[in-house]
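Q: Can you walk me through this one? I'd like the sheet, the helices and the charged pairs.

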Amino acid sequence: EGQSWPTKDADEANRLKEHASMRDSPIRSSCAKTAGRMTEFIAYGAGVGSTALLYLKKPQIKSGEIEVVYSDHGCDLPESREYIHKISDHMDIDITCLNAGNLYDYCWQKKILPSIHWRWCTDKFKIRPMKKYVDGDVPAIGITVDERHRAYDFRFGGRSSFPLLDKRVTRNQALSMIEAE
């Protein structure tokens, strides 16, 4: 019969599954891969670092030189999805959404949980879909100096682009960049 999930976890799992169904609504009406390939990409995760990176690169994004790409694993909370919509509208930019599968369904079928220590879910549901989409290009990733240890997770073929690390931007500085807008 297999392992049964405790009631509390099942309730939470059902709530997350409902939220996952929200991803069918696009971030913007043009939330599909654009016909013309961009030469640069930003891997957007909706966190402080990647949001600050959007503001740092806003002129290039608005001019079409950089495409913002978000890998949707199907389990973000509605508040996260709403935040992405707000950023897209506030900055008047398009955010391309990649359907990376459904982390909830994958975990349920395999009877496993995501792990911050193993980070297999980041690889499977964020990095691999992004690698496939950018097709050999290296996306810019918004990691601040405070979390530079995470940069290793995001190396694309041994190459990487971390503009905030290059500028030695801290999390507090990234927050200030966001609040200034």
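A: Here is a short chat about the structure shown above.

Q: What should I know before we start?
A: This is a predicted model: local features need pLDDT of at least 70, side-chain atom pairs count only at pLDDT 80 or more, and totals for chains, interfaces and linings use all residues. Residues are numbered from 1 along each chain as its sequence is written, and side-chain values use heavy atoms, without hydrogens and water.

Q: OK, the sheet. What is the strand order?
A: The order is β3-β2-β1-β4, in an open sheet of 4 strands with parallel pairing. The edge strands are β3 (95–99) and β4 (140–141), and each pairs on one side only. Strands here are DSSP runs of E, at least two residues, and helices are runs of H or I, at least four, numbered from the N terminus. Two strands pair if DSSP finds at least two bridges between them.

Q: How many bridges join β1 and β4?
A: β1 (residues 40–44) and β4 pair over 2 bridges, in the parallel sense. Ala-43 has Ile-141 in β4 as its bridge partner.

Q: And how many between β2 and β3?
A: β2 and β3 pair over 5 bridges, also parallel. The chain crosses from β2 through α4 to β3, and this β-α-β crossover is right-handed. That word means that, with the strands pointing away from the viewer, the path from the first strand over the helix to the second runs clockwise.

Q: Is β3 mostly covered or open?
A: β3 is mostly covered, with 4 of its 5 residues buried. Buried means under 20% relative accessible area, exposed over 50%, and partly exposed in between (1.4 Å probe, protein chains only).

Q: Switching to helices. Which strands does α2 lie across?
A: Helix α2 (residues 48–56) lies across β1, β2 (66–72) and β4, at about 145° to β1. Axes are lines fitted to C-alpha atoms, for helices over the stretch in contact, and angles run from 0 to 180 degrees between N-to-C directions. Contact means heavy atoms within 4.5 Å.

Q: How many of the residues in α2 are buried?
A: In α2, 8 of its 9 residues are buried. Among them are Val-48, Leu-53 and Tyr-55.

Q: What about α6?
A: Helix α6 (residues 120–134) lies across β1, β2 and β3, running at about 140° to β2.

Q: Now charges. How many salt bridges are there?
A: A search of the whole structure finds 4 salt bridges. Each has a side-chain nitrogen of Lys or Arg within 4 Å of a carboxyl oxygen of Asp or Glu.

Q: Which residue does Lys-58 pair with?
A: Lys-58 forms a salt bridge with Glu-181, with the closest N and O atoms 3.9 Å apart. The pair links distant parts of the chain: Lys-58 is in α3 (residues 58–62), and Glu-181 is in the segment after α8, 123 residues apart.

Q: Asp-72 and Arg-81: buried or exposed?
A: Asp-72 counts as buried because its relative accessibility is 5%. Arg-81 is buried too, at 8%. They form a salt bridge, with the closest N and O atoms 3.5 Å apart. Asp-72 also stands opposite Asn-99 in β3.

Q: What about Lys-86?
A: Lys-86 forms a salt bridge with Glu-82, with the closest N and O atoms 3.2 Å apart. Both lie in α4, 4 residues apart, about one turn of the helix.

Q: Last topic: phi. What is the value for Asp-92?
A: Phi of Asp-92 is near 55°, a positive value in a residue other than glycine. Most residues other than glycine have a negative phi. Asp-92 sits in the loop between α4 (78–91) and β3.
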